[in-house]
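Please look over the sequence and the model shown here before reading on.

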Amino acid sequence: HYFRALVSMQILNHLAGFVVNTLHRFIYIDPKHPPNDFVGAIMLPVSIALLRYKSHDKELTISIENRLGDSVAEFNKIITRSDRKPFSAEVALNQVRIDLSRIDFDSDNKLAVIELNRSIRLREGDILSISLRYE
């Protein structure tokens with residue numbers, strides 16, 4: 001009985017293209033449907049959150065609102081699908097800007113990689129905002 005429940009919860013993360021890797025301390029975001037304008041629930045370790053993903057010509061915005069429970073996952077890297085190199089990036093937790101250590105672009109895999117200066121963990125009620133701007 002537990003296996004079925006766990007598998008059904010992972011369907012949410014699969015649709016959102018959301019992966020939490022606690023070993024390497026990163027989150028990966030790549031919504032499957034619709035790919036440019038996604039809103040849906042996701043599962044973090046020990047919590048449930050709402051993911052909003054909007055991709056436009058000049059900007060990609062992502063927000064993760066932790067709705068229920070304090071996540072035990074800490075991360076310092078955010079990876080997302082991107083068809084081109086971002087001009088700039090901004091990350092904020094509860095509207096407080098987080099310093100970035102670097103922004104990288106993997107052109108072979110079309111991935112934007114944002115490394116934070118510190119690790120963060122989402123608690124109930126926290127909102128993580130990510131913005132990538134393109135030229």
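## About the model

This is a predicted model, in which local features need pLDDT of at least 70 and side-chain atom pairs count only at pLDDT 80 or more, while totals for chains, interfaces and linings use all residues. Residues are numbered from 1 along each chain as its sequence is written, and side-chain values use heavy atoms, with hydrogens and water left out.

## Two open sheets

Strands here are DSSP runs (E, at least two residues), just as helices are runs of H or I with at least four residues, and both are numbered from the N terminus. Two strands pair if DSSP finds at least two bridges between them.

A second open sheet has five strands in the order β1-β2-β6-β10-β9, with mixed pairing. Its edge strands, β1 (18-21) and β9 (100-106), each pair on one side only, and the twist averages 15° from one strand to the next.

## Strand pairs and a hairpin

Val91 stands opposite Ile130 of β11, and Ala92 has Ser129 as its bridge partner in β11. Strand β5 (residues 59-68) is also antiparallel to β11, with seven bridges between them, and Thr61 has Ser131 as its bridge partner in β11.

β7 is joined to β8 (residues 96-98) by three bridges, again in antiparallel fashion, and Leu93 has Val96 as its bridge partner in β8. These two strands form a hairpin with two residues between them, and in the turn Asn94 has a positive phi of about 55°. In the five-stranded sheet, six bridges join β9 to the antiparallel strand β10 (residues 111-120), where Val113 is the bridge partner of Asp104.

## A charge over a ring

Arg84 lies over the face of Tyr134, at 4.1 Å from the ring centre. For this contact, NZ of Lys or CZ of Arg must be within 6 Å of the ring centre and within 35 degrees of the ring normal.

## The largest pocket

The largest pocket has a volume of about 160 Å³, where a volume is the space filled by probe spheres set on grid points joined across faces, edges and corners. Of the 14 residues that line this pocket, the closest to its centre are Tyr53, Ser55, Arg81, Ser82 and Asp83. On a 1 Å grid over the protein atoms alone, a pocket is an open set of points with protein on both sides within 12 Å along at least five of seven lines, whereas a cavity is a set where a 1.4 Å probe fits but cannot get out; lining residues have an atom within 4 Å of a point.

Technical notes: Axes are lines fitted to C-alpha atoms, for helices over the stretch in contact, and angles run from 0 to 180 degrees between N-to-C directions.
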